[in-house]
Amino acid sequence: MKVKKYVAETMQDAIFKVKADLGPDAIILNTSKFKKGGFLGLFSRTMVEVVAGVEEKSTEKEFQNNLALQEIAELKNMVHEIHKNWENDRFLQDLPEELVEIYKYLNDQGVISSLNKEIISLLEKGNPEKKEELLSHLKLILKEYIGEGQGIVLNGQKKVVAFVGATGVGKTTTIAKLAAHFVLDEGKKVCLITTDTYRIAAVQQLQTYSDIINIPIHVAYNEKELEKLLSYDLKGKYDLILIDTAGSSWNDRFQLGRLKRLFREGLVDEVHLILSLNTKSHIQKEVVEKFSIVNPDKLLLTKLDEANRFGDLLNIRNFCKLPYSYITMGQNVPDDIQAADTDILMDYLIGDLDV
Ligand SMILES: Nc1nc2c(ncn2[C@@H]2O[C@H](COP(=O)(O)OP(=O)(O)O)[C@@H](O)[C@H]2O)c(=O)[nH]1
Ligand SMILES: [Mg+2]
């Protein structure tokens, strides 16, 4: 990490210097104040010192090492695939043609083979006589696997809902979409809090949305400030308070620990873990495991427009039983969001299945 020190008369000027020099991805590492000039303690000016850093691009050697590791992982995958295909061939040998079709379809969608076999076996046990029955039977089975969607339901209650997830999955954009929905469609009083003070550009991004929707935004720099906002300043004033958080790498235990401390029990009603569907399945699993430290209540899926396979709708539920809350399918605020309705999710998964 490249680390530099900046001195200015105000915090705003210091941050401006950081941004101009290191760019919007700069991270503030420390801030302090000191007195400058004057005589015998008189006429001195208070100055602000900011230490900031930015990740440097990796070196050629690191790049080559990563490449080698990637190739080994790909080879491992290939061996695994060959073995799996051999096992699957045996499973498919005795199945009726229609079921083989469905198996292959789900396989192309990326449904993991153990789960796929489980679904096909259930379908076979149902013993459907006609083809139409086969499809409706499949839908019934998938409905169970996908589960009922559970959005944010206010029903006259006031709620505080926080959103967590890896960097760039769409937390801030999704919060803006939800805020707009609750203000414009449901006529609710909504307020935003961001705890994402880690990146300089992050607060500005949410501020822009709050300006457009015309709702207040508060910034909480630490768990004490968040607690104060929720327990005193904002308590009872809004129907819905949405909390944005810094995207943390799921391997960053420091950040995850900080996130856990933020949501002191009783202050936050729901935590939604945001997963982007354009991420590989095995990474989804790792993300869910790491973020379990903050006890999420629901899963929110983003970037369905960028995914070309939807098997993860089943795979994710196979290792995490939390309900889906919403899905997003584009960058447009506020339009590209829908409740995670089971039938809609099923359409994504088997919409063009033809048996
Ligand atoms: N294609 C697509 N892009 C999205 C979606 N949701 C968010 N994005 C984009 O993903 C990028 C990161 O979003 P942001 O909300 O800043 O992510 P955060 O870091 O988790 O807060 C932005 O360019 C968003 O416009 C979505 O559903 N589909
Ligand atoms: Mg964000």
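**Charges and surface**

Tutor: Let's start with E101, which sits in helix α3 (residues 97-108); helices here are DSSP runs of H or I with at least four residues, strands are E runs with at least two, and both are numbered from the N terminus. One caveat: this is a predicted model, where local features need pLDDT of at least 70, side-chain atom pairs count only at pLDDT 80 or more, and totals for chains, interfaces and linings use all residues. Residues are numbered from 1 along each chain as written, chains are lettered from A and ligands numbered from 1 in written order, and side-chain values use heavy atoms, leaving out hydrogens and water.

Student: Which residues form the negative surface patch?

Tutor: E97, E101, D352 and D354 form it. Patch residues have over 30% relative accessible area and no salt bridge; like charges are joined within 9 Å, nonpolar side chains (Val, Leu, Ile, Met, Phe, Trp, Tyr) within 5 Å. Asp and Glu count as negative, Lys and Arg as positive, and His and the chain ends are not counted. A charge is placed at NZ of Lys, CZ of Arg, CG of Asp or CD of Glu.

Student: And what makes the nonpolar surface patch?

Tutor: M1, V3 and L29, making about 260 Å², with areas from the Shrake-Rupley method and a 1.4 Å probe, only the protein chains shown counting as cover for residues. V3 lies in strand β1 (residues 2-8) and is partly exposed at 45%.

Student: OK, switching topic. How many salt bridges does the structure hold?

Tutor: Seven, a salt bridge being a side-chain nitrogen of Lys or Arg within 4 Å of a carboxyl oxygen of Asp or Glu. Take D343 and K143, whose side chains meet at 3.5 Å, N to O. D343 is in helix α12 (residues 342-350) and K143 in helix α5 (residues 131-146), so they tie together parts 200 residues apart in sequence.

Student: What about E270 and K298?

Tutor: Their salt bridge is 3.2 Å, N to O. E270 belongs to strand β8 (residues 270-276) and K298 to strand β9 (residues 298-302), so this pair joins parts 28 residues apart in sequence. E270 is buried at 7% relative accessibility, and K298 is buried at 7%.

Student: Which residues are linked with them in a network?

Tutor: K159 is linked with E270 and K298 in a network of salt bridges.

Conventions:
Buried means under 20% relative accessible area, exposed over 50%, partly exposed in between (1.4 Å probe, protein chains only).
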